[in-house]
Amino acid sequence: MKHGPIALIDPAVPVIAIAPSGPLFEKTASNLQEAAARGGQVIVFSDAAGAAKLKGIAVETVVLPDVDPFVAPILYAIPVQMLAYQVAVLKGTDVDQPRNLAKSVTVE
């Protein structure tokens with residue numbers, strides 16, 4: 001969040017965070033507080049415990065079930081991918097033909 005990314009935060013750009021409870025939660029929460037203080041619209045994907053702690057910071061929270069940390073990356077990837085898909089559709093982007101996508105790989 002330091003330097004470059006923090007300069008991009010304003011009320012027009014949402015800040016999307018994946019913040020499951022765990023050893024790095026407090027650092028993530030600190031970064032989200034910093035983003036909110038600069039007017040960022042914070043949207044959080046977290047478990048129930050994390051969502052409760054971030055209640056005053058996030059404008060929207062998606063509560064996911066508590067799972068073993070081993071499978072958490074898979075669980076959290078699904079709603080984030082769905083969000084990306086829905087935003088692309090709303091923007092009118094062709095999700096089946098992303099620009100600059102190479103259809104083949106050339107190896108020399």
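The legends below describe close-up views of a predicted model.

**View 1. Asp47, a buried residue in a loop of the predicted model.**
Asp47 sits in the loop that links strand E2, residues 41–46, to helix H3, residues 48–53. Although Asp47 is buried, it has no salt bridge, and the nearest side chain of opposite charge, that of Lys53, is 7.8 Å away. What the side chain of Asp47 does make is a polar contact with the side chain of Ser21, at 2.8 Å. Leaving aside residues up to four places away in sequence, Asp47 touches Pro20, Ser21, Val63, Leu64, Asp66 and Tyr76.

**View 2. Tyr76 and its contact with the backbone of Asp47.**
Tyr76 belongs to helix H4, and it counts as buried because its relative accessibility is 5%, where the limit for a buried residue is under 20%. The side chain of Tyr76 reaches the backbone nitrogen of Asp47 at 3.3 Å. When residues up to four places away in sequence are not counted, Tyr76 touches Ile18, Pro20, Phe45, Ser46, Asp47 and Leu64. As a guide to distances in this view, Tyr76 and Lys55 are 21 residues apart along the chain, and their C-alpha atoms are separated by 19 Å.

**View 3. Phe45, a buried residue of strand E2.**
Phe45 is found in strand E2 and has a relative accessibility of 3%, which is why it counts as buried. Not counting residues up to four places away in sequence, the residues that Phe45 touches include Ile16, Ala17, Ile18, Ala19 and Pro20, as well as Val62 and Leu64. Phe45 also touches Tyr76, Pro79, Val80 and Leu83, and of these Tyr76 has already been placed in helix H4. Phe45 and Leu8, by comparison, are 37 residues apart in sequence, with 21 Å between their C-alpha atoms.

**View 4. A nonpolar patch on the surface that includes Met82.**
Ile74, Ile78, Met82, Tyr85, Val89 and Val95 form this nonpolar patch, and together they have about 550 Å² of accessible area. Met82, one of the residues in the patch, lies in helix H4, which covers residues 72–91.

Note on methods. Residues are numbered from 1 along each chain as its sequence is written. This is a predicted model: local features need pLDDT of at least 70, side-chain atom pairs count only at pLDDT 80 or more; totals for chains, interfaces and linings use all residues. Side-chain values use heavy atoms; hydrogens and water are left out. Helices (H or I, at least four residues) and strands (E, at least two) are DSSP runs, numbered from the N terminus. Buried means under 20% relative accessible area, exposed over 50%, partly exposed in between (1.4 Å probe, protein chains only). Lys and Arg count as positive and Asp and Glu as negative; His and the chain ends are not counted. A salt bridge is a side-chain nitrogen of Lys or Arg within 4 Å of a carboxyl oxygen of Asp or Glu. A polar contact is a pair of N or O atoms within 3.5 Å; within protein, one must be able to donate a hydrogen and the other to accept it, and residues adjacent in sequence count only if both atoms are side-chain atoms. Contact means heavy atoms within 4.5 Å. Patches are made of residues with over 30% relative accessible area and no salt bridge: like charges are joined within 9 Å, nonpolar side chains (Val, Leu, Ile, Met, Phe, Trp, Tyr) within 5 Å. Accessible areas come from the Shrake-Rupley method with a 1.4 Å probe; for residues, only the protein chains shown count as cover.
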